[in-house]
Structures are given as structure tokens and as C-alpha cells.
Amino acid sequence: MHADDTVRDLLAFLDAAPTPYHAVAETARRLEAMGYTRFDESESWSLGTGTKGYVVRHEGSIVAFSMGQGEPADTGMRMIGAHTDSPTLHLKPHMTREAHGARQLLIEPYGGLLHYTWFDRDLGVAGRIRLADGRMVLVDIARPLLRVPSLAIHLNREVYESGFKPNAQQHMHPLLSVEDGPSWEEVLDEALSPHGATHAEVLAHDLVLYDVTGAALGGAGDAFVLSGRLDNLASCHAAIRALQSAAENPLPQRVTQVVALWDHEEVGSRSASGAAGAFLKDVITRIAGTGEGMRRALSRSLMVSSDMAHGVHPNYPERHDGDHMPRLGRGPVIKWNVNQSYASDAESGAQFVEACRDAGITPQNYNHRNDMRCGSTIGPWAAAGLGIRTVDVGNPMLSMHSCREMCAASDHEPMIRALAAHLGRA
Ligand SMILES: [Zn+2]
């Protein structure tokens with residue numbers, strides 16, 4: 001596939017994935033088109049050389065695996081990790097109220113969002129709903145249904161001096177309609193009608209808001225990808241595309257390949273389906289066995305944890321260490337933090353450099369300023385949980401955790417090539 005087609009395919013993936021559940025459903029659809037079979041954690045599995053499978057846990061996380069000809073204990077495994085979730089506004093359990101002539105929904109912030117970017121956006125709602133008949137259904141109301149209006153400057157003169165500091169409990173509940181307008185229940189009925197259900201059958205839900213403006217190319221020469229959720233759906237897409245491109249290698253596949261896409265990274269990964277949980281280990285145990293075989297396999301394996309990186313912002317270059325300023329358009333970044341906010345070390349970093357070299361890429365390096373607190377990602381959780389060598393990487397981006405983010409279009413295809421080279425290394 002041409003590089004432009006690859007980026008267009010990324011836009012389609014972003015638009016298909018307003019929530020982690022939709023991201024997993026779209027990933028599963030793509031895996032099935034690639035010949036992967038769904039395995040259910042509650043069933044017994046029969047696996048063998050060449051088995052291509054995937055497992056979904058709690059709708060928001062997915063692990064895909066392609067078993068090679070070699071025993072994992074002898075060859076190790078080649079793994080990629082990424083996360084499916086992004087900061088957003090989640091609807092509260094009791095979510096409706098009427099106030100001053102407006103119908104509103106009530107939100108709870110999820111993750112470290114940039115609050116101000118959610119104001120004056122055209123917001124849709126999507127997520128999962130558990131119905132009384134036992135079905136878990138995905139819904140997506142992809143039109144400007146909700147809006148968090150900002151306060152007029154005439155009522156907020158102090159914003160120039162003191163900055164914009166919205167209170168998430170008071171100031172971020174979106175408007176749904178006017179006093180006599182359609183109710184939330186009517187909207188839900190519309191969203192549930194394809195599933196043959198109504199709001200009366202809803203027992204519980206996880207619904208989030210998202211910007212309905214579609215993913216787009218922008219800038220001169222379409223230099224940029226503009227979209228919500230680039231952190232970290234761009235890495236999820238790159239991981240799946242890498243799996244696809246590694247499968248096109250005409251040589252027999254000796255090493256087992258694994259891609260894990262986890263929910264809940266933005267809130268610390270500590271959940272039943274998050275990277276700090278046992279999901280990946282549970283799947284690997286079924287592939288590589290328990291005891292010595294599993295230990296031998298893990299000791300020979302490498303995890304590339306791919307999460308978007310901080311490109312240098314041309315208006316704020318002083319926020320970076322001056323000698324570690326990844327640039328948009330210069331391709332994949334290795335993230336280093338000696339205090340283990342990132343899991344990269346001399347060996348895992350070197351192996352990613354080698355994979356990049358195989359793909360004709362020179363990676364960039366990121367290291368946080370010593371006088372600022374560093375963010376973290378899934379890499380250290382996977383490394384600690386499995387005792388596996390891990391390298392943290394990602395493509396550079398700007399506006400991270402904004403309602404609408406940006407990265408360089410030209411960086412996407414090199415990341416896929418680097419990840420595919422990693423998967424294909426014997
Ligand atoms: Zn991330």
C-alpha cells in the first residue's frame with residue numbers, strides 16, 4: 001500500500017473508533033479480514049503452529065497473536081503494545097438534569113484531559129450499553145448532539161489576567177436541548193433502535209463524548225494528521241498494520257508475534273483489562289505454557305511499547321531538553337527515562353535501533369527535562385508484569401490530550417515499517 005493510502009486508512013480507523021470499545025471492534029474486524037480467529041477466554045483453546053487468533057477482554061482491550069513455527073521457549077516472542085483509550089468526558093451514572101431552561105448531561109472527566117479544548121466543540125456520544133436481555137451493544141451518535149459552551153468574555157473579563165481555569169464539577173456539563181426539546185431518553189431510543197431496544201432496557205452504560213469533526217489531513221501539502229485520539233489510536237493502527245505487513249514476508253515465520261492493545265492507560269493501567277493487569281500474561285500462558293517454557297520464552301522476547309511522543313513545539317521549545325527535541329516529520333522516537341517512567345534500556349533500545357535500521361529509518365531520542373516530572377506509559381507496566389525486555393517508542397505529536405490533536409502524516413508509514421521489522425526479526 002502507498003504511504004498516502006496508509007495515512008488515509010489511519011483516518012478511517014480514527015473515525016471508526018470514538019471509544020476504546022469501538023477501537024477494539026474495528027481492530028477485530030480488521031484482524032478477521034487478515035485471517036485471524038476470535039478466541040473466547042471462557043472456552044478451552046486448541047492452538048498450534050500457524051494459529052492466528054485474537055482475544056478481547058471487557059470490550060476495551062484486545063490481544064492478537066500469530067504463532068510461528070518455532071517453540072516460543074526456543075525463539076522468544078516479538079510483541080507490540082499500545083493503548084486504546086484517550087482522555088475524554090464520561091457520562092455520570094445519573095446523567096441528566098434541567099437547569100435554567102436547558103437540558104444537560106452530567107460528565108466526569110476521564111484521564112488527564114486539556115479541559116479547555118472541550119469547550120465550543122460539536123460533540124457526539126458513543127460507548128457501550130448493557131441491556132436487560134444480557135447483550136452488550138455499542139452505540140455511536142455521530143452528530144453534534146452536545147456542546148459545552150464557553151462563558152462570554154463580557155462575563156469573564158478576568159480570563160486575560162488569571163487564565164482559563166474551568167471547574168470540572170461546575171463548568172463542563174454539556175447542553176443537550178432546550179426546556180421543551182427532546183429528552184435524553186428519546187435520543188437513547190434512536191441510538192438503540194438498530195439493536196431493537198429502547199432506553200427502558202438499559203441497565204448500565206459507559207458513554208463518552210467525542211468531537212464529531214472527522215479525522216483530516218491539513219497543513220500545506222497535507223503535512224499533518226488532525227484528529228481526536230491520535231494518542232494512542234495512531235499506534236494501535238500502526239501495530240495492526242505492522243502485523244499485516246509482517247505476514248506478507250515470503251519467508252516462513254519462525255517467531256510468534258503478539259500485539260496487545262490495552263484500555264485504561266490514561267488512568268494508570270491498573271484494571272482487569274489494563275496493562276498493569278494480567279490480560280497479556282493470561283494469553284501468553286495459553287500460547288507458551290506455564291513454568292519453565294513460559295519463562296524461557298519471556299526471557300528471549302522483546303516488547304515494543306508504542307505510545308505517542310512529545311514532538312518539540314516551535315512556540316514552546318524551552319519545555320524540552322535542548323538536546324532531545326524530537327521533530328514532527330523525522331519519524332519514530334525512542335523514549336528514555338532512567339527513573340523507569342519509560343522501560344527502554346541499552347539492550348531493548350539497541351534492538352529497536354536495529355529494527356529501524358532494517359527498515360531504513362534513523363530513530364529520534366526523547367528524554368524529559370530534569371526539572372519537570374515525566375509522564376509514563378504502558379511499557380513499564382508490561383515490563384514489570386512479565387519481566388520482559390521492553391522499549392518505549394512513539395511518533396512525535398503536538399496537542400497531546402487535546403480534544404483534537406496533531407502529528408505529521410509522513411511519520412506514520414515509517415513507524416509501521418519499524419514495527420513490522422521488529423515483528424519479523426528472528
Ligand atoms: Zn498515550
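How many cavities of 30 Å³ or more does a search of the whole structure find?

Guide: The search of the whole structure finds 1 cavity of 30 Å³ or more. The model is predicted, so local features need pLDDT of at least 70 and side-chain atom pairs pLDDT 80 or more, while totals for chains, interfaces and linings use all residues. Residues are numbered from 1 along each chain as its sequence is written, and side-chain values use heavy atoms, without hydrogens or water.

A cavity is a set of points, on a 1 Å grid over the protein atoms alone, where a 1.4 Å probe fits but cannot get out; lining residues have an atom within 4 Å of a point. Volume is the space filled by probe spheres set on the points, which are joined across faces, edges and corners. The volume of the largest cavity is about 30 Å³.

The lining of the largest cavity consists of Ala234, Ser235, Ala238, Ser306, Met308, Asn395, His412 and Met415.

Helix 6 gives the most, with 3 residues. Helices (H or I, at least four residues) and strands (E, at least two) are DSSP runs numbered from the N terminus.

The zinc ion is coordinated at 2.0 to 2.6 Å by His83 through NE2, by Asp231 through OD, and by Asp307 through two OD contacts. Along the chain, the donors are spaced as H-x147-D-x75-D. Donors are N, O and S atoms within 2.8 Å of the metal (3.2 Å for Na, K and Ca); water is not among the atoms, so sites may look incomplete.

How far are these two residues shielded? Histidine 83 has 0% relative accessibility and therefore counts as buried. Aspartate 231 counts as buried because its relative accessibility is 2%. Buried means under 20% relative accessible area, exposed over 50%, and partly exposed in between (1.4 Å probe, protein chains only).

Aspartate 231 has a further feature: a cis peptide bond joins it to asparagine 232, with omega about 15°. Asparagine 232 is itself found in helix 6. Most peptide bonds are trans, and most residues other than glycine have a negative phi.

Histidine 401 has a positive phi, near 70°. The residue lies in the loop between strand 19 (396-398) and strand 20 (405-408), and it is buried because its relative accessible area is 16%. Histidine 58 also has a positive phi, near 50°. Its place is the loop between strand 2 (52-57) and strand 3 (61-66), where a relative accessible area of 45% makes histidine 58 partly exposed.

The largest pocket holds about 1,200 Å³. Its lining has 33 residues, and those closest to its centre are Leu114, His310, Ser399, Met400 and His401. A pocket is an open set of points with protein on both sides within 12 Å along at least five of seven lines. The pocket lining divides into 12 nonpolar, 14 polar and 7 charged residues.

Glutamate 405 is in strand 20 and, at 3% relative accessibility, is buried. Its C-alpha atom is separated by 33 Å from that of lysine 52, which is 353 residues away along the chain. Proline 182 sits in the loop between strand 9 (175-178) and helix 5 (184-192), and is partly exposed because its relative accessible area is 49%.

As for the whole chain around these parts, there are 11 helices and 20 strands. The C-alpha atoms fill a box of roughly 70 × 55 × 40 Å, taken along the principal axes. Of the 426 residues, 54% count as buried.

How values were computed
Ala, Val, Leu, Ile, Met, Phe, Trp, Tyr, Cys and Pro count as nonpolar, Asp, Glu, Lys and Arg as charged, and the others, Gly among them, as polar.
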